Amino acid sequence: MAKYIGKRLLYMIISLWLIVTATFFLMRVAPGNPFASEKKLPPEIEANLQAHYGLDKPWYQQYTDYLVNVVTWDFGPSFKYKSQTVNDLISEGFPVSFLLGMEAIFIAVALGVLFGVIAALKQNKWQDYTTMAIAVLGISVPSFIMASFLQYFLAIKLGVFPVARWESFQHTILPAIALAAGPMAYIARLTRSSMIEVLANDYIKTAKAKGLSSGVITVKHAMRNALLPVVTYLGPLTASILTGSFVIEKIFGIPGLGFHFVTSITNRDYTVIMGVTVFYSIILLVAILLVDIAYGIIDPRIKLAGGKKGE
Amino acid sequence: MKKRLSIFFSMLLVVSMFLAACGGGGDNADGGGDGGKDVPQELKVNINTEPPSLNPGLAQDSTSGTVLRNIMEGLTRIGQKDEPEAAMAESWEISDDLKTYTFKIRDAQWSNGDPVTAQDFEYAWKWALDPNNQSTYSYQLYYIEGAEAANTGKGSMDDVGVKAIDDKTLEVKLVNPTPYFLELTAFYTYLPVNSKIAQENKDWATDAGDDYTTNGPFHMTEWSHSDKIILEKSDTYWDKDTVKLDSIEMVMINDPNTELSMFDNGELDWAGAPTGALPTDAMQALKDNGTLVTQAIAGVYNYKFNTTVEPLNNENIRKALSHALNREELIANITQGEQLPAMGIVPPTMFPENEKGHFPDNDVEAAKEFLEKGLEELGYEDASELPAIALSYNTSEAHQKIAQAVQDMWSQNLGIEVTLDNAEWNVYLDKLDNMDFQVARLGWLGDFNDAMNFLEMYKDADGGNNQTGWEDPEFQKLLEQSQTETDPDARLQLLKDAEAIFMDAMPVAPIYFYTNNWVQDESLKEVFVSGLGDVQYKWAYFE
C-alpha cells in the first residue's frame, strides 16, 4: 500500500509539472497583457511595469522563476488586485468554495442515492417515473437557470431564503442546491441502473430465499455493491464541483475561488492564473487518489498494490 | 459494518429532510418601515467587484474610485452643483499666468487624529510619480511641471512643481494654464495620503485597520476582500454635520440579475449604475413602472475607422458609413437605456449643442451621395464591388446586437457587405493596438469634465488611444492653442472648432452618448451622481 501511494505521488508530481508547463506556455501565447485597458497607458509607464514584474526577461528565465514559485508556494502579488497576494486570494477564497462544494456534494450524494434506490426498488412504478423525471430535469437544466429559478421562487416569491451573498447558513442553501442539482440527478440514474443490475444477481435471490427482510437485503447486500460506480464518480465530481462553481459563485455573489479561476484569465493576471491552476490541479489529483484508495477499501476484489503477479 | 451503513443512510435521510425544511424559520425581520423620525441611516449598495486598490496612487478604475471618493478628500470635491468646491483646501490663489496655484489647507484631521498637512499632498503625488511604485494612473499628474519627466525617469523628483511651503500651504506649478485643474484636484490620483503612516508601512492600503486612515466623510471599518466593504460616518471629518448616513455597506455582486433581485427583495437600496448594472431585459419593465432613473454622463460609444486601410482611408466612405446609421432606432430597440444619439464626439454634458450634433441622424440620402463620391475617388463603379468590411467588437451580447444591427443598416442603406468579427477582450485590445481591424467599437468615459479629454487622444496618429491612424495639422494646432489660451470663451471656441474638423474627417463614427440607469429606494434622497457618472454619498439620507 505504501509503495503504491509513493508511486502515485511521483506520478502526481509529474502531472503537476506538465500542467504548470502547459499553463505557462498557453498563457504566454495568448495575446494581450495584464496592463491592457481601453485607456492605454503611456509606453514608458507600461515598460516600467513590465520590468517590475519581470515580464521583460527571456521566457526560460520567467519559466524557471515560475517553477521556483510553485515549489516554494509563493506566487507573488496579483497584477490586478494590488492589495492581495495570490496566496491571500487562495487562502481566503478556497475555504468558501470548499464549504459550498462540500454542501453540494453532500446534497447530491444523499438525495441522489436515495432517489436511485427508490427508483430501482419500485422499478417501472410511479415512484420510478417520478424520480427519473426529476433526474432528467436535473441533468438537462443548467445550473445558472436552476439558480435564477430558486432565487425567484424561494427568495423573492416566498421570502424564505436571502437572494444572494454569503453571510450565514441560510445564505448557503440556495447556491448549494443549485450546484448539487446536476450531479444529484446523475447519481440517481447511476444508482438506479447499478442497483437494478445487482438486484438481479443470484446472491440477492439467495438472500431472499433465506427469508431475509427486504430492508436488510437492500441495505446490507445490494447497496454496497451498487454504490461502487457512485464512488468512482465522486473523484471527478469533487473536482468539477470545486472548479465549476464559478457560475454559481457569480450569481450568488459568493467570494470564492471559482471567480478568480475564470476572471484571472480574462484579466491576464498571470500570477493568479498560475497559482489557482496549480492549486486546483493538486486538489484534483488528490481527489482522484483518495477515490482510488476508497475503491479498494469498499470492494475487496480490487487490489491496489497489484501484487500476485504471474498468477 | 453493515449496520453502520444503514445507520449512516438513515442519518443522511434525516439530515436531508432537515436541510429541505430548515428554510422556513428565518424571515427577514424588517420591522415594517413606519414613517417615524428614527429612520435607520444605513445604506446598502452594490459595487460589483473587489476594488483593485484603495491606495489613491495605485487606483485606476471606477470601483476603487467610488470607495475612495467617499472615504478620502482632495484639495477640492465635486459639489452638488457639479463644480469643484473647497474641500481640504479652504481657499486658493491662482497666479496671473494661471500656471501657479497656492492652496491653503484647512484645519482637518485624519481619522486617527493626525492633522492633514500640505506635506501629505506632496508626499502622495510624488509617490505616485515615482517610477518604483508602479502607479498606472500617474499620467493624470502630468499637468504638473516636471511630473512627466520625473515619472519616466528623465527628470528628478526635486523638479516636480509641487511643494509644501509650510504645513498648511501647498504650491503647485503647472505646465500649461489648465482651466480644469480644480476638477483634477478632486480626482483620486490627486488625493492626499497620511504621510506619517505611509512612510512607515508601505502596505498601509491593503486592509482596513489602524493604518488605513481617511480624511473624507466616511471611514472604512471593514474590508472583507471580494465580499464587502463597510463604511461608517467619520467623526473627524471637518464637515461631519452635513453627513447624515451612519453606515454604508458595499457588497460585491457581479451579476445584474442578482443585483436587481436583491433590490426587489429589499436587500439593496440601489441597483444599477454607476456602481452596478441593470439587466438589459429588465429595462423596459422598469421604464414602464416608472422607477427607472436615467441620467446622461460624459461618455461616448464609438465605431473607430482604421484610416490606414482601403476603403476606410477615404473620407467620403467613412462619412457614408456614419450617415447611414439609424442611431435612434439602435437605442430604442437594442441598447434600451435612453442613451442619446451621438453625432459629435464631445458629450452634451460639456457641449450642450451636441444634443443635435454635427449632422442629422439616419441621413440615408446624404450617405448615398458620400458613398458615390467615395467610390468614384477609389475607382469603383458600384458599392457591390467593394470588398466586405470587417466590423470588430469584443465578445459581449450587447456589442454583438449593435454590430448586427449596424451590419444590416450598412447593407440595406448602402449595399455594402459587412462581416462581423468578435474577440475576447484582451485579444481585442491587442488587435486595436496593432491596427489589425477595419471598423472597431470602443467606448470612452471621461476622466474629467472638459472637452479636452475627448479630443486630445486623436491629436497624434501614434497616440495610444487614437487607434484610427488619423491626424490633422489644423486639429493639432487648435488643441495646442487651447492649452495656452487664458480666456475661457476663446478656449471653448478653439475646442469646438477642433471638434468640427474632426467630425468633418470622420475617423470615428460616434454611436451614442452613455447614460446611467438605476433604480433606488424611494426614501433614499440626495445621492449625488456627477456628470462624469461618479457617485457621492456625502449628502445622502433616508427620510
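Chain A of this predicted model averages a pLDDT of 88. In chain A, 96% of the residues score at least 70. Helix 4 (residues 86-121) of chain A has the highest mean pLDDT, at 93. Helix 10 (residues 228-243) of chain A has the lowest, at 82. Over residues 307-311 of chain A the pLDDT falls below 50. That stretch has zero contacts in the model beyond near neighbours in sequence. Where pLDDT is low, the predicted coordinates should not be read in detail.

Now look at how chain A is built. Chain A holds 13 helices and zero strands. The C-alpha trace of chain A spans about 85 × 65 × 30 Å along its principal axes. Of the 311 residues in chain A, 40% are buried. Take the contacts in chain A between residues at least 6 apart in sequence: 72% of them join residues at least 24 apart.

Two loops of chain A deserve a stop. The loop between helix 4 and helix 5 (126-140) of chain A contains N124(A). This residue is not a glycine, yet its phi is positive, about 60 degrees. Is N124(A) buried or exposed? N124(A) is exposed, because 8 other C-beta atoms lie within 10 Å, and a residue with 12 or fewer counts as exposed. The second stop is R268(A), in the loop between helix 12 (257-267) and helix 13 (270-298) of chain A. R268(A) also has a positive phi, near 50 degrees, in a residue other than glycine. R268(A) counts as buried, because it has 22 C-beta neighbours inside 10 Å, and the cut-off for buried is 20 or more.

Move on to chain B. Chain B averages a pLDDT of 91, and 93% of its residues score at least 70. One stretch stands apart: over residues 11-36 of chain B the pLDDT is below 50. Beyond near neighbours in sequence, residues 11-36 of chain B have 16 contacts in the model.

The domain assignment of chain B gives two parts, domain 1 (50-248) and domain 2 (296-516). Their centres, taken over C-alpha atoms, are 35 Å apart. Domain 1 of chain B gives nine residues to the contact, and domain 2 of chain B gives nine residues as well. On the domain 1 side, six of the residues are nonpolar, two are polar and one is charged.

Next, follow helix 16 (residues 488-505) of chain B. How far should its 18 residues span? At 1.5 Å a residue, helix 16 of chain B should span 26 Å, and its end C-alpha atoms are 26 Å apart, which agrees. The buried residues of helix 16 of chain B include R491(B), L494(B), L495(B), F502(B) and M503(B). A498(B), E499(B) and A505(B) are also among them. What do the buried residues of helix 16 of chain B pack against? Their partners are helix 9 (315-323), helix 14 (452-455) and helix 15 (473-484) of chain B. After helix 16 of chain B comes M506(B), with a positive phi near 50 degrees.

Chain B also has cis peptide bonds to look at. One runs from A273(B) to P274(B), with omega near -5 degrees. P274(B) sits in the loop between strand 11 (270-272) and helix 8 (283-288) of chain B. Another cis bond runs from E310(B) to P311(B), with omega near 0 degrees. P311(B) is in the loop between strand 12 (293-305) and helix 9 of chain B.

Finally, bring the chains together. The predictor gives the complex an ipTM of 0.87 and a pTM of 0.88. How many residues of chain B are in contact with chain A? There are 51, and they meet 51 residues of chain A. The elements giving two or more residues to this side of chain B are helix 1 (2-21), helix 7 (256-264), helix 13 (425-433) and strand 16 (439-445) of chain B. Helix 1 of chain B gives the most, with nine residues. The side of chain B that touches chain A divides into 20 nonpolar, 23 polar and eight charged residues.

Definitions and conventions
Residues numbered from 1 in each chain as written. Chains lettered and ligands numbered in written order. Predicted model: local features only at pLDDT ≥ 70, side-chain atom pairs only at ≥ 80, totals over all residues. Contact = placed C-beta atoms within 7 Å. Helix = DSSP H or I, 4+ residues; strand = E, 2+ residues; numbered from the N terminus. Nonpolar A, V, L, I, M, F, W, Y, C, P; charged D, E, K, R; others polar. pLDDT = per-residue confidence, 0-100. Expected span 1.5 Å × (residues − 1). Domains from an automatic or database assignment.
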